[in-house]
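I've got one model to walk you through, so let me put it on the screen.

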Amino acid sequence: MESKVSGDGGDSGLWHAQVGDRTTSEEVVYNGKFLKAKTIHYTRGTLHKLWEGCDRTTRGSGGIDAVAIFTIIKSKKEGWAKTVLVKQYRPPIKNVSVEFPAGLIDEGETPDITAIRELKEETGYTGTVVSVSPVCVADPGLSSANMAVVTVHVDADAKENLKPVQMQDDSTFIEVALVDMAEFFNTLQAWAKEGFLIDANVWCLAYGLHMATNEVKKSM
């Protein structure tokens with residue numbers, strides 16, 4: 001396994017050029033409704049190498065596959081702040097995963113528009129987009145799939161959010177979970193012990209917040 005540690009990440013393009021990695025061709029070995037699998041031929045210097053990977057077939061002209069939605073929902077009346085997570089059965093892992101609300105970007109949509117639509121469909125909540133990340137990759141050793149992480153603020157006291165109603169079809173079952181921000185990391189740990197699989201994006205964010213508010217303070 002070849003690796004390189006870069007000091008600030010800014011020289012990745014230079015290192016890439018020096019090593020000489022370059023994809024030369026791809027062969028599609030399976031083409032389904034949502035995914036296609038392929039064999040990738042690439043070179044590293046004078047070496048010819050092979051890789052196996054997959055693409056989403058649903059990517060539109062915008063070049064971004066999907067959004068994941070980090071929701072901050074607050075009630076000024078009751079004095080709490082929470083995030084919205086979803087639990088759903090995922091056939092590839094044969095288990096229920098804990099994830100951010102998420103969804104594919106339809107043709108003609110931008111990430112912020114998709115985020116508002118998907119949040120309403122999956123959780124029933126209506127909010128306001130406050131930030132959209134650059135294009136991020138989720139599992140680049142396996143797939144070219146990418147996403148934008150969209151942060152949405154939700155006013156829990158607003159009339160439209162007092163009794164949120166999901167907009168799911170018969171083929172989808174999603175359980176919505178409101179998690180206290182102060183207990184975000186602890187809640188995930190408890191769910192993991194119960195047997196749920198935690199999405200890596202969710203875990204990393206929760207752990208980062210936990211470190212920032214607890215471990216860093218201990219070292220000061």
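Predicted model: local features only at pLDDT ≥ 70, side-chain atom pairs only at ≥ 80, totals over all residues.

Residues are numbered from 1 along each chain as its sequence is written, and side-chain values use heavy atoms, with hydrogens and water left out.

So, the overall make-up. The chain has four helices and twelve strands; these are DSSP runs, H or I of at least four residues for helices and E of at least two for strands, numbered from the N terminus. Of its 220 residues, 32% count as buried, where buried means under 20% relative accessible area, exposed means over 50%, and partly exposed is in between, with a 1.4 Å probe and protein chains only. If you take contacts with a separation of 6 or more, 53% of them are between residues 24 or more positions apart. A contact here is heavy atoms within 4.5 Å.

Now the strands. I call two strands paired if DSSP finds at least two bridges between them. S2 and S3 are antiparallel over ten bridges, and in that pairing Lys38 sits opposite Gly53 in S3. They make a hairpin with two residues between them, and Gly45 in the turn has a positive phi of about 65°.

S4 and S5 are antiparallel too, over four bridges, with Ile72 facing Thr83 in S5. That hairpin has four residues between the strands, and Gly79 has a positive phi near 70°.

S5 also pairs with S6, antiparallel, through five bridges, and with S11, antiparallel again, over six bridges. Have a look at Val86: Glu99 in S6 is opposite it, and Val176 is its bridge partner in S11.

Lys94 lies in the loop between S5 and S6 and is exposed, at 66% relative accessible area.

On to the cores. By nonpolar core I mean a set of buried Ala, Val, Leu, Ile, Met, Phe, Trp, Tyr and Cys residues joined through side-chain atoms within 4.5 Å. The largest has 16 residues, and the ones touching the most other members are Leu85, Phe100, Phe184, Leu188, Trp191 and Val202. S4, S11 (175-180), H3 (184-194) and H4 each give it two or more residues, and H3 has the largest share, with four. Click on Leu188 and, leaving aside residues up to four places away in sequence, you'll find it touching Leu85, Val98, Ile198, Val202, Trp203 and Ala206.

Apart from that core there's another one, of 13 residues, including Val67, Val84, Ile105 and Val152.

Is Pro111 buried or exposed? Buried, at 15% relative accessibility. Beyond residues up to four places away in sequence, Pro111 touches Ile64, Val67, Ile105, Val132, Ala148 and Val150.

Last, the pockets. A probe the size of a water molecule, rolled over the atoms, shows where empty space is left. The grid is 1 Å over the protein atoms alone; a pocket is an open set of points where a 1.4 Å probe fits, with protein on both sides within 12 Å along at least five of seven lines, and lining residues have an atom within 4 Å of a point. Points are joined across faces, edges and corners, and volume is the space filled by probe spheres set on them.

The largest pocket comes to about 1800 Å³. It has 40 lining residues, and the closest to its centre are Arg56, Gln88, Arg90, Glu99 and Leu104. The lining splits into 22 nonpolar, nine polar and nine charged, counting Ala, Val, Leu, Ile, Met, Phe, Trp, Tyr, Cys and Pro as nonpolar, Asp, Glu, Lys and Arg as charged, and the others, Gly among them, as polar.

The second largest pocket has about 340 Å³. S3 gives the most to its lining, with five residues.

That's my tour; questions welcome.
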